[in-house]
Amino acid sequence: MIKTDILIIGAGPTGLFTVFEAGLLKLKCHLIDALPQPGGQCSEIYPKKPIYDIPAFPEVLAGDLVNNLMEQIKAFEPGFTLGERAQTIDKLDDGTFIVTTNKGTKHHAPVVAIAGGLGSFEPRKPPIANIANFEDKGVEYIIRDPELYRDKKVVIAGGGDSALDWSIFLADVASEVTLVHRRNEFRGALDSVDRVKELKDIGKINLITPAEIDQVNGNEKLESVLIRKNNEASEEILLEVDHFIPLFGLSPKLGPIADWGLEIEKNAIKVNNSLDYQTNIPGIYAIGDVNTYPGKLKLILCGFHEATLMCQSAYQRIFPDKKYVMKYTTVGGVTGFDGTKKEAPKAVVKAIN
Ligand SMILES: Cc1cc2nc3c(=O)[nH]c(=O)nc-3n(C[C@H](O)[C@H](O)[C@H](O)COP(=O)(O)OP(=O)(O)OC[C@H]3O[C@@H](n4cnc5c(N)ncnc54)[C@H](O)[C@@H]3O)c2cc1C
C-alpha cells in the first residue's frame, strides 16, 4: 500500500504543480497516471509546440514546461505510479481514501486531488475480434520499455509519428521490424518518413503498405499475424511474430472516475470554485481541465491557480487544529524534503522586509 498526504490522479501540468504547492506546506504527494510519462497533454499531444501564455515565459515548448515542472518539484520527492489508470475509490470510516489502479496497485491518502484533464488517454484499438486475448501476451498499445523487444520479431501498425519513430528506434533493437500501414502515404514528419524508407532500402525495416492486420493468432501468447494487402487481390501474408504493436493514437476518456459518485456536468467534475475546488465528496478535489464551474477556462495557468488554492484547503483538512501562515517563497525560501534549501538572494529579502 502506497501512503501519502495528497494522492494526485493525473500527472499533467496541474498535477505536477500541485506537488510544489503541497511541498511548501510540507505535504507529500504521489501521482498516478495512465500514461508511461508525466506531462499530460503537453507531453502526449504537443511536446514540440511553443506555448505563449505561461506568465513570465514569453515562449516555452510544452515539453520544456514539463521538464521545468519536474525540476521545480524534485526537492519534494513525489512518488509516481505511471502506466496505470486509477480505477476505483473507497472511502474508509475515518474519512481517508483508498484508490486502486487497473493493475491492482493500492494508494492510501486523506486527500485525493483529481487532475485528470480530459481523462485518461486510452489507446485506439484495431477492430480485430480476438485481440483482447493477446493484450500483454504479445500485443501492446504503448511502448513502455523498448528492451522488451530486444532480439524479437515485431510488427508495428500505424501511419503517424509514433508508428514511424518507434519503427526507426526498434530497427536497432529488435531482430525484425515490420511496419504496416493502410495507406501508402504517412501522416508523420517528413524526415521520419524518409528515414523509414532509408531503413527499408538497407533491409532494416520491412515496410508493407497499403495493408492492414486482419488476424492475430497464437495459443498462450501471440505467435503470428495475418496481414491483408489493400490491393485488388487482397493478398494475404502470414507473418510469425513475437509482438504486435498497433500505434493508432490515444483518445482521452473520463473513464472510471465518472462512476465514483461525483457530480458530473458535460464530461467534467463540478467543483466549488468560490472556496477550494472541492467536489460533492468532501476530501476529493478536482483541479485543472477536469473540473467545471461558471466561467471555467481550460488553460494551464488556471490549473496552477486552482492547485494552489486546493492545497491550502487540503492542509486544513489534514491538520484541522493547525493554522498555516502563508509566506512568500522569496522570504521563506523553499526547503525540500531532502533538506535542500533554495534561499532568496539577501538583497531581495531585505527589500521585501
Ligand atoms: C494542441 C494543444 C495546444 C494547447 N495550447 C495551450 C496553450 O497555448 N496554453 C494553455 O494554457 N493551454 C493549452 N492547451 C491546453 C492545456 O494543454 C491543458 O489546459 C492542460 O494540459 C491541462 O492540464 P491538466 O494537468 O489539468 O490535464 P492534462 O494535461 O490533460 O493531464 C491529465 C492527466 O491525467 C491522466 N489521467 C486522467 N484520468 C486518469 C485516471 N483515471 N488514471 C490515471 N491517469 C489519469 C491523463 O493520462 C493525463 O496524463 C493546449 C492543448 C492542446 C491539445
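1. The four-stranded sheet. In this predicted model, four strands form an open sheet in the order β14-β13-β12-β18, and their pairing is parallel; strands here are DSSP runs of E with at least two residues, helices are runs of H or I with at least four, and both are numbered from the N terminus, while two strands pair if DSSP finds at least two bridges between them. Because β14 (206-208) and β18 (243-246) stand at the edges with a single partner strand each, one side of each has no neighbour in the sheet. From one strand to the next, the twist averages 20°.

2. Inside that sheet. Strand β12 (residues 153-157) runs parallel to β18 and is joined to it by four bridges, and Ala 157 has Pro 246 in β18 as its bridge partner. Helix α4 (residues 161-170) packs on the sheet and touches β12, β13 (176-180) and β18, where contact means heavy atoms within 4.5 Å. The direction of helix α4 makes about 165° with that of β12, the axes being lines fitted to C-alpha atoms (for helices over the stretch in contact) and the angles running from 0 to 180 degrees between N-to-C directions.

3. The three-stranded sheet. A further open sheet has the order β20-β21-β23, with mixed pairing; since β20 (264-265) and β23 (291-292) are at the edges, each with a single partner strand, one side of each is left without a neighbour in the sheet. Two bridges join β20 to strand β21 (residues 268-270), and these strands run antiparallel, with Ala 268 in β21 as the bridge partner of Glu 265.

4. The ligand. Which residues come nearest to the ligand? Of the 30 residues around the ligand, they are Asp 33, Gln 41, Tyr 46, Ala 86 and Asp 289, a residue being near if one of its heavy atoms lies within 4 Å. Among the polar contacts (pairs of N or O atoms within 3.5 Å), an oxygen atom of the ligand is 2.8 Å from a side-chain N or O atom of Gln 41, and a ligand oxygen atom lies 2.9 Å from a backbone N or O atom of Ile 300. The protein covers 87% of the 1000 Å² of accessible area that the ligand has on its own, as computed by the Shrake-Rupley method with a 1.4 Å probe.

5. Basis of the values. Residues are numbered from 1 along each chain as its sequence is written, and side-chain values use heavy atoms, without hydrogens and water. Local features need pLDDT of at least 70 and side-chain atom pairs count only at pLDDT 80 or more, whereas totals for chains, interfaces and linings use all residues.

Note on methods
A polar contact is a pair of N or O atoms within 3.5 Å; within protein, one must be able to donate a hydrogen and the other to accept it, and residues adjacent in sequence count only if both atoms are side-chain atoms.
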